[in-house]
Amino acid sequence: MKKFFTLLLVVLLVSGLALACGAEKTPDTTDNGGTTDEIVYGGVFRFPLAQPVPTIDPAQLTDTTSHEVGKQIFEGLVTYDVDLNIVPCLAKSWEISEDGTVYTFNLRDAKFNNGDPVTANDVKLSFERILDPETKSPRTWILEEIAGSDDFMDSIETEVKGIKVIDDKTVEITIKEISPVFLHKLTYSSAWIINSASIDEDDELWYENNPVGSGPFILSDWVRNQKLVLLPNENYWGDKPRIDRLEYYIHKEDTVRQQEYEAGNIDYNVVADADFDRIKDDETLFSELDKIELLSIQYMGFRTNSEPFDNLKLRQAFCYAVDRNQIIDEIYHSRFALATGIIPTAMPNYESATDAYPYDPQMAKKLLDEAVSEGLVLPETITFAYNKGTATHKNVAEFIQNQIKNNLGINLVLEEFEWATYLDKIDNGEFPMFRLGWVADYPDPDNFLWVLLDSANAGPNGGAAFYNNPEFDSFVRDAQRLTDLKSRMELYKQAEKIAMDDAVWMPVNFGTEWYLLKSNVKGFRITAMGTLPHNYVEIH
């Protein structure tokens, strides 16, 4: 007879969470995130997006822009609160077997936005759709810990044996071996539950025409590259939205977004670097300014599996040749912290052992000369790609271009792409050097080291650098099998140091979200991993 842990122990022991900052732009809050004053209903919350939304299909969603919209419509079995604790969502409770491999989820009486009940069968079919090779989801790794997932993905079995429907409101999930991050992964978009009856795989845009989820909002209108309009989901099981409408506007230019904010046409805006000093000197804008330290990093990546960046000394030379402190001071206006490694300093329970490459042009030139003397053949030019969406990307790229030319004599050719196109090209390994950022999917080093750098994830799964180091892989994979927090973190520290010694990236900065929020907006919730659903937002 299996012994089951209580939900409290699950949260404390398995999730391995301690402190992570969450912020709510409201003077007084209750446990559920709403204001303690009388609730105000009505109004419109207007939110800008710097990129068009590529998709809100949970099987295909990989970027933060799409995630911002998708999480209003869809939900998973579990989610995070403002302090990044794992809390119940569609699953009202769950138990874990004594050996840590069997999870039994008890579903609440929730409905999809079309009125259909959320059932255990929907959970099973949602997860199997992600793992189905015909779906071509780039995020199968979220669910690959489930027993039987390999045979299903290899078409040996017609269902995932590790997912069992006990009854309409109970689903049992067996994983291959104990995992300290499995519950974390179930918060991710690939684990959102969709109404299985609504899927029309013959319609490539079914998710655009009829996205049926259980979240607090429903999609009302989507004008590509312009705006999306969401309305309250009257069938929502939880605290229903307090606003009448949630409107997303696509404004690609920093200046346009800021102008729209100051004109009163949007209610929230992430502050661009060029506007920061002016905002600090403006009494009204400064009163609406807030910040939160993020579990995120901005970095320049190298495609390590092909010329010329398959050469370690060249990668190291590039890292030494760029004064990243100058980027922080002059381009970012000292708003962000220098990235000294891969894991952000906001990561709970983790202390890095790395210290990223200091600016040392002489060392950079020495390493380049050694690489050339050992046989490195440099091309006349090297492509350095970045995406549109903020002027800062271009400014940083041009700064790096100049320093590489001045300190190493190497010509970088800059190429700029629209976001959706850029993501496809990154996944295909088309750029020798590229700009990327990463915001944590779950607050654990595994989400940075294993997802982005393990050789098994090279390419569309997240590993844009196509990094392959067996020693590194061994550390991060061993860490996945440990439940002792201190031992896990020690392995991650060693793995991070290996990746930094290999100069797999040129880390630039850890993230801090500086944002403006209108003073009449209450109940806005943001965490170290970004915003939470906007059902508690009130317009006063």
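These legends accompany several views of a predicted model.

View 1. Along the principal axes, the C-alpha trace spans about 70 × 60 × 45 Å. Buried residues make up 58% of the 540. The chain exposes about 21500 Å², and carbon and sulfur atoms supply 47% of that area.

**View 2. The largest nonpolar core, with 133 residues.** Look here for the residues with the most contacts inside this core, including Phe105, Phe127, Leu186 and Phe318. Helix α17 (residues 485-501) contributes the largest share, 7 residues. Apart from this core lies another one, of 32 residues, among them Phe47, Phe217, Tyr248 and Ile539.

**View 3. A close-up of Phe105 and its contacts.** Once neighbours within four places in sequence are set aside, Phe105 touches residues including Leu77, Ala91, Trp94, Val171, Ile173 and Leu186.

**View 4. An open sheet of 4 strands, in the order β2-β11-β10-β9.** The pairing is mixed. Strands β2 (44-49) and β9 (217-223) stand at the edges with a single partner strand each, so one side of each is left without a neighbour in the sheet. On average, neighbouring strands are turned by 20 degrees against each other, direction ignored.

**View 5. The pairing of β2 with β11 (residues 245-250).** These two strands run in the parallel sense over 6 bridges. Leucine 49 stands opposite isoleucine 250 in β11.

Methods:
Residues are numbered from 1 along each chain as its sequence is written. This is a predicted model: local features need pLDDT of at least 70, side-chain atom pairs count only at pLDDT 80 or more; totals for chains, interfaces and linings use all residues. Side-chain values use heavy atoms; hydrogens and water are left out. A nonpolar core is a set of buried Ala, Val, Leu, Ile, Met, Phe, Trp, Tyr and Cys residues joined through side-chain atoms within 4.5 Å. Buried means under 20% relative accessible area, exposed over 50%, partly exposed in between (1.4 Å probe, protein chains only). Contact means heavy atoms within 4.5 Å. Two strands pair if DSSP finds at least two bridges between them. Axes are lines fitted to C-alpha atoms, for helices over the stretch in contact, and angles run from 0 to 180 degrees between N-to-C directions. Accessible areas come from the Shrake-Rupley method with a 1.4 Å probe; for residues, only the protein chains shown count as cover.
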